[in-house]
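Please walk through this structure with me.

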Amino acid sequence: MQALRAANISNVACGAYASYAVTAAGEVYAWGSNSFGQLGLGPAEAAIVPLPKVVQWLRAQRAVIYELFGGQRTVFAMEQSGKVYAIGNNEFGMLALGDETTRNIPATLADLVGNVLSCAICVHMQMCVSYLSVCLSICLSVCLSVCLS
């Protein structure tokens, strides 16, 4: 955990076998299972990442992340500017990107840009997002969670 010792951690999140930390500056560190690219570290990264690594793609975009929501093999990151990024398994279109291509680097959810998000909850292999008092459910089965507004 040497990479995180000097970082001012403001938020943490987890998925199935993957963990994430967000610094006060909005940088994201990821470690654990990367079998579906859910750590967002790119195509060359190993299936298991035992120590925290910064998500370089987000750093290169100068994204300032304030919240992460992990699912079983997916993660969603919310930026202060309002952008939402999806990463990981997209086998059934659960990243809401209009296809079924798994992402090993963050992809912008264009349909959510500009909406004020109040929460996002990932359960198993699904995600619920609440914005403007409407709950959008992107899931494989019945959404088991309630979006808080």
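**The sheet and what surrounds it**

Four strands form an open sheet in the order 5-6-7-8, with antiparallel pairing. Strands here are DSSP runs of E with at least two residues, and helices are runs of H or I with at least four, both numbered from the N terminus. Two strands count as paired if DSSP finds at least two bridges between them. The model is a predicted one, in which local features need pLDDT of at least 70 and side-chain atom pairs count only at pLDDT 80 or more, while totals for chains, interfaces and linings use all residues. Residues are numbered from 1 along each chain as its sequence is written, and side-chain values use heavy atoms, with hydrogens and water left out.

Strand 5 and strand 8 (103-108) are the edges of this sheet; each has a single partner strand, so one side of each lacks a neighbour in the sheet.

Gly-70 stands opposite Val-75 of strand 6, and a hairpin with three residues links strand 5 to strand 6. Strand 6 also pairs with strand 7 in the antiparallel sense, over five bridges. Here Ala-77 has Tyr-85 of strand 7 as its bridge partner. The hairpin of strand 6 and strand 7 has four residues between the strands, and Gly-82 in this hairpin takes a positive phi near 110 degrees.

How many of the residues of strand 6 are buried? Six of its six residues are, where buried means under 20% relative accessible area, exposed means over 50%, and partly exposed lies in between (1.4 Å probe, protein chains only). Thr-74, Phe-76 and Met-78 are buried on one side of the strand, and Val-75, Ala-77 and Glu-79 are buried on the other.

The next topic is the nonpolar cores. A nonpolar core is a set of buried Ala, Val, Leu, Ile, Met, Phe, Trp, Tyr and Cys residues joined through side-chain atoms within 4.5 Å. The largest one has 18 residues, and Tyr-20, Val-28, Leu-39, Leu-58, Ile-65 and Leu-68 touch the most other members. Two or more residues come from each of strand 2 (18-23), strand 3 (28-33), strand 5 (65-70), strand 6 (74-79) and strand 7 (84-88). Strand 2 gives the most, with three residues. Leaving aside residues up to four places away in sequence, Leu-58 touches Val-28, Ala-63, Ile-65, Tyr-85 and Pro-106, contact being heavy atoms within 4.5 Å. Another core lies apart from the largest one and has seven residues, including Phe-69, Phe-76, Val-84 and Ala-86.

The whole structure holds three salt bridges, each defined by a side-chain nitrogen of Lys or Arg within 4 Å of a carboxyl oxygen of Asp or Glu. In one of them, Arg-59 and Glu-27 have their closest N and O atoms 2.4 Å apart. This pair links distant parts of the chain, 32 residues apart: Arg-59 belongs to helix 2 (residues 56-60), and Glu-27 to the loop between strand 2 and strand 3. Arg-59 is partly exposed at 39% relative accessible area, and Glu-27 is partly exposed at 22%. Glu-45 forms a salt bridge with Lys-53, with closest N and O atoms 3.0 Å apart. Glu-45 is partly exposed at 24%, as is Lys-53 at 37%. Arg-103 forms a salt bridge with Asp-99 at 2.8 Å between the closest N and O atoms, and Asp-99 is partly exposed at 26%.

Is Gln-38 buried or exposed? Gln-38 is buried, with a relative accessible area of 2%, and sits in the loop between strand 3 and strand 4 (48-54). Not counting residues up to four places away in sequence, Gln-38 touches residues including Ala-16, Tyr-20, Arg-73, Val-75 and Ile-87. The side chain of Gln-38 reaches the backbone oxygen of Ser-33 at 3.2 Å.

Conventions
A polar contact is a pair of N or O atoms within 3.5 Å; within protein, one must be able to donate a hydrogen and the other to accept it, and residues adjacent in sequence count only if both atoms are side-chain atoms.
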